[in-house]
Amino acid sequence: SYTTDTKSREENKKTIESLYSLSVDIKKIRRLKEWVLLQDVAYVKEIAGILQEMGADETTVASILERCPEAVLHTPAEINSQRALWQLVCQNEKQLINLIEQFPESFFTTEYHENQKANILFFQELGLKNNIITRFLTSAPSIFYNPVEKNKNMIETLQRNYLRLGGSDANMKIWILKLLSQNPFILSNTSTSIQENLEFLQENDFTDHEVLQLLSKLKGFIFQLTPTTMQKSMLFSKNIFQCSDQELKQLVLKCPALLYYSVAVLEERFEGLLKEGISVAQIRETPMVLELTTQIVQYRIKKLSALGYDIKSGTLESLNGTKKDFEVNYGKIQSKKERPIFNPVAPVNIED
C-alpha cells in the first residue's frame, strides 16, 4: 500500500529527525528500506510511545525500528488493535515486547487483522495452548492471513482422513493438536493435495495403520510432497538397495526420510556415506543414518575414529540420532575405552 518508487522523491525530514532523536541508525534504514523514509506520512513518535508504554527501553525501540522501519507507517490505532490482539495469547506485556523485538515483521503486519483475530480464536477453541499460538504468530504468521474458513476446512479434512484410516475418535483431538504444533504449515496445503498424497501411499500397499504411522513420523511434512516426488525417491531407494517392493515399504516405515527427501538429497547422502567406506548393506541395516547431512556424518565418524572405533566393521547405530543422542553414545564408547581392566591376581600395593 506504500509507493516504492524512489526516483524524484525526497526523504521526509520530519521522519528522519524523529528517528534520529530515538537513536535509530538512519544509514541502516537507507541501506535496507529507504522507501520508508520517502513516505509523506509517518507516526514515528506515536509508535515509539506505544512500544515504550509496553515496557520497551530506548535500545529496544531503536532495534525494532531499525529492523522493521515500516512500523512507523502504521497508524497508532492499527498498532493498538494489534497489541490487543496479541495480548489474547501473551501472558503479559513483557512477553509481548520480547516477541515484538525478536519478530517485528510478524507483529507489524496489520493488513490481515480480522483474519488474524478469527484464527487466534479458532485455534484457542481447537484446544491449542497460548504458548503454541504465539509460536505460530512469530514463526508461521502466514497461516493467520488465511480466512478462518480455509483453516477450518483443512482441519476437517485431516480429521476425516484420520478417522478413515482407522484412528479413534478418542485420540483424534490429541493427534490433530500434535500434528499442528509440529508443523503449522500443514494449513497452507489444499484438501486435494492431502487426498492425493494419502491415496498414493495406499496405492503403494501401505496399510491404513502404516499411513497413519507415516503421517505422525513425518510430522505432517508428507503433505508438502507430491506423488511424483515420492515415486521418484522410492524408485531411487529401490534401485540402490536392490530390494523388493515389500522390503522397500519396510525401509520407508523405518526411515520415512526415504520418502521425504528428494533424489538429489538422497544421492548426495549415499555418496557421502560410501566415500567413508560404509557399505550399502550397512545403510540398509540402519537407514535412519540418511536423515543426517553429509557434514554431520563426517564429523561424527571423525570423533569416533579418534577413539579407535571402526565404523566400517561396526554398526551405524552409534552415528544415529540427534546431537544429544550421539553425545550419549560417544560418552559410553569413550568411558568403555578409558576404563582400566581390573586384574584380580595383580599384587595390591598396601604401603599407603
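Mentor: Gladly! Helices here are DSSP runs of H or I with at least four residues, numbered from the N terminus. Do keep in mind that this is a predicted model.

Trainee: Good, then I'll start with a loop. Between which helices is Gln 242 found?

Mentor: Gln 242 has a phi near 50°, a positive value in a residue other than glycine. Most residues other than glycine have a negative phi, so such a value deserves a look. The loop that holds Gln 242 runs between helix 14 (227-241) and helix 15.

Trainee: Is Gln 242 buried or exposed?

Mentor: The cut-off for exposed is over 50% relative accessible area. Gln 242 has 65% relative accessibility, so Gln 242 counts as exposed.

Trainee: What is the phi of Asp 205?

Mentor: Asp 205 sits in the loop between helix 12 (191-203) and helix 13. With a relative accessible area of 55%, Asp 205 is exposed. Its phi is again positive in a residue other than glycine, near 70°.

Trainee: On to helix packing. At what angle do the axes of helix 4 and helix 6 cross?

Mentor: Two packed helices are described by the angle between their axes and the distance between the axes. For helix 4 (residues 58-67) and helix 6 (residues 93-102), the axes come within 9 Å. Their crossing makes helix 4 oblique to helix 6, and the angle is roughly 40°.

Trainee: Which residues of helix 6 make that contact?

Mentor: The contact residues divide into two nonpolar, three polar and two charged. From helix 4 come Thr 60, Ser 63, Ile 64 and Arg 67. Helix 6 supplies Ile 100, Glu 101 and Gln 102.

Trainee: Which residues touch the most other members of the largest nonpolar core?

Mentor: In soluble globular proteins, nonpolar side chains tend to be buried together. The largest nonpolar core here has 103 residues, and helix 11 (residues 169-182) gives the most to it, with six residues. The members that touch the most others are Leu 51 and Phe 108.

Trainee: What does Phe 108 touch, leaving out residues up to four places away in sequence?

Mentor: Two of its partners, Ile 64 and Ile 100, also take part in the contact of helix 4 with helix 6. With those two included, Phe 108 touches Ile 47, Leu 51, Ile 64, Cys 68, Ala 71, His 74, Ile 79 and Ile 100.

Trainee: Now the charges. How many salt bridges are there?

Mentor: Side chains of opposite charge can pair when their charged atoms come close. The rule asks for a side-chain nitrogen of Lys or Arg within 4 Å of a carboxyl oxygen of Asp or Glu. By this rule the count is nine.

Trainee: Which residues are linked with Arg 83 in a network of salt bridges?

Mentor: Arg 83 in helix 5 (residues 76-86) and Glu 53 in helix 3 (residues 44-53) are 30 residues apart, and their side chains meet at 3.0 Å, N to O. Arg 83 is buried, with a relative accessible area of 12%, while Glu 53 is exposed, at 54%. The network links Arg 83 with Glu 53 and Glu 93.

Trainee: Are Lys 249 and Glu 210 buried or exposed?

Mentor: Their side chains meet in a salt bridge at 3.0 Å, N to O. Lys 249 belongs to helix 15 (residues 245-254) and Glu 210 to helix 13 (residues 208-217), 39 residues apart. Lys 249 and Glu 210 are both buried.

Trainee: One last question: what does Thr 15 touch, not counting residues up to four places away in sequence?

Mentor: Thr 15 is placed in helix 1 (residues 13-21). At 4% relative accessibility, Thr 15 counts as buried. Its contacts are Leu 37, Ala 42 and Val 44.

Conventions:
Residues are numbered from 1 along each chain as its sequence is written. This is a predicted model: local features need pLDDT of at least 70, side-chain atom pairs count only at pLDDT 80 or more; totals for chains, interfaces and linings use all residues. Side-chain values use heavy atoms; hydrogens and water are left out. Axes are lines fitted to C-alpha atoms, for helices over the stretch in contact, and angles run from 0 to 180 degrees between N-to-C directions. Helices (H or I, at least four residues) and strands (E, at least two) are DSSP runs, numbered from the N terminus. Angles under 35 degrees count as roughly parallel, over 145 as roughly antiparallel, 65 to 115 as roughly perpendicular and the rest as oblique. Contact means heavy atoms within 4.5 Å. Ala, Val, Leu, Ile, Met, Phe, Trp, Tyr, Cys and Pro count as nonpolar, Asp, Glu, Lys and Arg as charged, and the others, Gly among them, as polar. A nonpolar core is a set of buried Ala, Val, Leu, Ile, Met, Phe, Trp, Tyr and Cys residues joined through side-chain atoms within 4.5 Å. Buried means under 20% relative accessible area, exposed over 50%, partly exposed in between (1.4 Å probe, protein chains only).
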